[in-house]
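Subject: Structure handover

Hello,

Please find the structure below. My notes on it follow.

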Amino acid sequence: MKTRMTIRNRIRKQYVRLLCRLGWAIDIGTVSRNPASSLLSNFTPFRFTFRGKDFMSIESLLQGLKAKDIDKQNSIFSKVGKAAWRQGRKCKWWKEQRLYWQGHPMERMPAEYRNFIREAFYALAENTDYRQVLLSTGRKTLYHTIGKSDPTKTILTEEEFCTILTEIRTKLQTEK
């Protein structure tokens, strides 16, 4: 079964790569001719404020959610990109499928969590530079093939990530 999934994933990645070469899609976080691919990565530093806290990248927020202890969480929140990722990956959130915002637990699967993440990305989209990068993708389909698809193993699946970004982009395009 695992071999079948691996083959399916390889074929999908090749398909997405072809769509990107044709100029119809962007695979976020991969090496690409389109600068938006790397700039839309969660690791890219874009300053934003969410619920009264300042962040240097969305990865800082996402990784910090894994920490139950508020001081540890705030320490992760203060990091940027890969530094936040390295610190957050030490937290074993998946054992209980629970994440935290300033000491308040959130279950990973319910709509409350998805709405929280959506709200965070909307806060990120208040950053003018981030907004311009997102709008520069036009109507291209967004992918994140290096992302995971199982929500019990990641705090943000490829589908969640790309759906939120597409939603924000569409809203920004209609506001113009």
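One term is needed before anything else: a polar contact is a pair of N or O atoms within 3.5 Å, where within protein one must be able to donate a hydrogen and the other to accept it, and residues adjacent in sequence count only if both atoms are side-chain atoms. The model is predicted, so local features need pLDDT of at least 70 and side-chain atom pairs count only at pLDDT 80 or more, while totals for chains, interfaces and linings use all residues. Residues are numbered from 1 along each chain as its sequence is written, and side-chain values use heavy atoms, with hydrogens and water left out.

Gln-102 and its surroundings

The side chains of Gln-102 and Gln-73 are joined by a polar contact of 2.7 Å. Gln-102 sits in the loop between β4 and β5 (104-107). Helices (H or I, at least four residues) and strands (E, at least two) are DSSP runs, numbered from the N terminus. With a relative accessibility of 22%, Gln-102 is partly exposed; buried means under 20% relative accessible area, exposed over 50%, and partly exposed in between (1.4 Å probe, protein chains only). Leaving aside neighbours within four places in sequence, Gln-102 is in contact (heavy atoms within 4.5 Å) with Lys-53, Ile-70, Gln-73, Asn-74 and Phe-77. Asp-27 is 75 residues from Gln-102 along the chain, and their C-alpha atoms are separated by 32 Å.

The chain as a whole

The chain has eight helices and six strands. From the N terminus on, their order is α-β-α-β-β-α-α-α-β-β-α-α-β-α. The radius of gyration is 16 Å, close to the 16 Å that the globule rule gives for 176 residues, so the chain is as compact as a globular protein of that length. That radius is taken over C-alpha atoms, and the globule rule is 2.2 Å times the number of residues to the power 0.38. Along the principal axes, the C-alpha atoms fill a box of roughly 45 × 45 × 30 Å. Of the 176 residues, 42% count as buried. Among contacts between residues at least 6 apart in sequence, 60% join residues at least 24 apart.

The nonpolar core

A nonpolar core is a set of buried Ala, Val, Leu, Ile, Met, Phe, Trp, Tyr and Cys residues joined through side-chain atoms within 4.5 Å. Which of the 38 residues in the largest core touch the most other members? They are Phe-50, Leu-61, Leu-65, Trp-101, Ile-117 and Phe-121. At least two residues of this core come from each of β2 (48-50), α3 (58-64), β4 (98-101), α6 (111-124), α7 (128-135) and α8. Helix α6 gives the largest share, seven residues. Leaving aside neighbours within four places in sequence, the contacts of Trp-101 include Phe-50, Leu-61, Leu-65 and Arg-51.

Two residues with positive phi

Arg-51 is not a glycine, yet has a positive phi of about 50°. Its place is the loop between β2 and β3 (53-55), and at 46% relative accessibility Arg-51 is partly exposed. Gln-97, also a residue other than glycine, has a positive phi near 55°. Gln-97 lies in the loop between α5 (81-88) and β4 and is buried, at 17% relative accessibility.

Helix α8 (residues 158-175) has 18 residues and spans 26 Å from its first C-alpha to its last, close to the 26 Å expected at 1.5 Å a residue. The expected span is 1.5 Å times one less than the number of residues. Among the buried residues of α8 are Glu-158, Cys-162, Leu-165 and Arg-169. Glu-158 has a relative accessible area of 11%, and its side chain makes a polar contact of 2.9 Å with the side chain of Arg-12.

Leu-142, in strand β6 (residues 141-143), is buried at 6% relative accessibility. Not counting residues up to four places away in sequence, Leu-142 touches several residues, including Cys-162, Leu-165 and Arg-169. Leu-142 and Trp-24 are 118 residues apart along the chain, but their C-alpha atoms are separated by 9.1 Å.

Cysteines

How many disulfides does the structure hold? It holds zero disulfides, a disulfide being a pair of cysteine sulfur atoms within 2.5 Å. The cysteine sulfur closest to that of Cys-20 is in Cys-162, 11 Å away, which is too far for a bond. Cys-162 is buried, with a relative accessible area of 7%.

Regards
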